[in-house]
Amino acid sequence: MNYRLYLIGVVFCFFSFTTLCATSPAVGMAQEEEALEVRYSSDLYHLVMDWIVEYQALTPTAIQANELTDAFASDNKHLSFVSDETINSLAQGSHWKVVVGHDAIVPIINSNNPLLQEIGVQGLTAEKLALLFKESAEQNWATLLDDVPNHPLHFYLCDDGSIVQRLGNFIHSEPDLINARRVLSSEELIAAVQKDKYAIGFCRLNEIRQVDANEWIENISLAPIDKNGNRRIDNFEDVYSTPSALARGVWIGKYPSALSGNIYAVTAQKPVDESTVQFLTWVLSEGGQLLSEYGYSDLASAEKRAYIDLVVQPEHMLAQTVAQETSNKWWVVLLGLLAGAIVLIYLLAQLVMPRSTSAGADIHSSSVLNENTIVAPKGLYFDKTHTWSFIEKNGLVRIGIDDFMQHITGEITRVMLKRPGEKVEKGEKLLTISCVGKQLTIYSPITGVIKQENQQLLSHSTLINSSPYNEGWVYLIEPLNWFREIQCMLMADSYKAWLKAEFMRLKTFLSYAARSNTAVYQHIILQDGGELHDHVLADLDPEVWEEFQTKFIDKV
């Protein structure tokens, strides 16, 4: 009894103190706001100045802008905007940064090129381009493509240091050694390609996008990049249909990083002051509309939400809450007293009412998903594309999908298979699994000829879920390089160790997906304590599946 009376006294004192604090004036809340200092690399001068002018027209704010010279700001009063070309040349140290825009250098060709279809099938590789650019002889399209007529090729390049440098990085060549017809500007280059059906050139992505339309400008097509160098454009590499599709491909890593770039907002530490947070949030949202005027790409909507979440941190939101509570202090007083009265009534009732002995309601929770819940039978060889292999006594290799994959996808509703007799190379597309229309492409762990497919999967694809290592097998393959290719595979113990790191990557990936979409996703993906739910991809959007494909399955 005494301990309850003591608790009542403590609660009463607590609410009295809270109410008193709520009615006290906040210290330092009325400080005079200082001007926001913005710095920029020289190549971003016009863009940053337009941002400032547009923002000040909406929100009267004192902003001082100066060119960034030799180092990042040493305190949070300086907000710097820099591009990839300058961020590495500055004194780094410890700093915080967030991406506010994208840039991509793309190869363009004339839409009337007689090899247009073959270019779209084979794509361009860094190796072939390097050979073309370093040749002193006459350039032709047969240098870039296999089995095509020896048409002449006219390569154009503008005197833009950023474009030339990135192209040099892509083909591993010194920029000055690139053999090309030099023009003064991107506008001149695009005009030359529009007139010449045998031309090719490199320019910025947004320079060939129609204003107010998700289409390429007249008489211009893109030459796709064969990123994995297998002499064809695979499904996961085909991101060239529209400007927005390519911009998204750049973001999720389907376009060569050497030809991609970013614009960064940089501060010494994560910004907390009101003026910096508000300006940076505006740049990440409405300010993105100005990027296209300077050849840059705006962020995708999900990407914007994720980066804004990084800027509007809990400390900033807490400061806003405190300010709001101070302005409404009498409501705080009343609510505090009401809450205290409710607690006191409850505690007094406990003194006279017997303790309840009834059991609580059942709480249902989903099973935890981690490396310990994944089945990995001994004797199997596991590949990092989440497939397994087992050599039978007759020399054929049985292939299937690992337990990890079926756990995260959920119920597999369809399987698309190759036919017996087809030859597959290690790393080539082996099959496609579908879960209510959302697909993942699985690649072959070995090189060989398909001798038999599991026809049961065509009508009972869920066998992969219920029995991935037995009834849910996929192919029997006659191997061609078995003993050499298993050197890169993992057995049970080493596979489990690798899975532990894979689950850490998966948590990071899915947490980002939750921030980029809705709060509901957080409940789907992570349990209390940060554990993963079973079938974590099942309820997520197709875009998340595409990103999972790129980051966890595709060969980069």
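A disulfide is counted here when a pair of cysteine sulfur atoms lies within 2.5 Å.

The structure is a predicted model, in which local features need pLDDT of at least 70 and side-chain atom pairs count only at pLDDT 80 or more, while totals for chains, interfaces and linings use all residues. Residues are numbered from 1 along each chain as its sequence is written, and side-chain values use heavy atoms, with hydrogens and water left out.

**Confidence**

The predictor's confidence in each residue is given as pLDDT, from 0 to 100. For the protein chain the mean pLDDT is 79, and 76% of the residues reach 70 or more. Over residues 22–31 pLDDT stays under 50, and the model has six contacts (heavy atoms within 4.5 Å) for this stretch beyond four places in sequence. Residues 518–529 also have pLDDT below 50, with 27 contacts beyond near neighbours in sequence. Where pLDDT is low, the predicted coordinates should not be read in detail.

**Cysteines and Ser-466**

Zero disulfides are found in a search of the whole structure. The cysteine sulfur closest to that of Cys-158 belongs to Cys-203, and at 7.9 Å it is too far for a bond.

Relative accessible area, computed with a 1.4 Å probe on protein chains only, classes a residue as buried under 20%, exposed over 50% and partly exposed in between.

| Residue | Relative accessibility | Class |
|---|---|---|
| Cys-158 | 2% | buried |
| Cys-435 | 3% | buried |
| Ser-466 | 59% | exposed |

Ser-466 is part of helix α15, residues 463–466. Helices (H or I, at least four residues) and strands (E, at least two) are DSSP runs, numbered from the N terminus. Between Ser-466 and Glu-411 there are 9.2 Å in space, C-alpha to C-alpha, although they are 55 residues apart in sequence.

**Strand β1 and its partners**

Strand β1 spans residues 36–40; Leu-36, Val-38 and Tyr-40 form its covered face, and Glu-37 and Arg-39 its uncovered one. Two strands pair if DSSP finds at least two bridges between them. With strand β2 (residues 63–67), β1 pairs in the parallel sense over five bridges, and Arg-39 stands opposite Asn-66 in β2. With strand β3 (residues 78–83), β1 pairs in the parallel sense over four bridges; here the bridge partner of Arg-39 is Ser-80.
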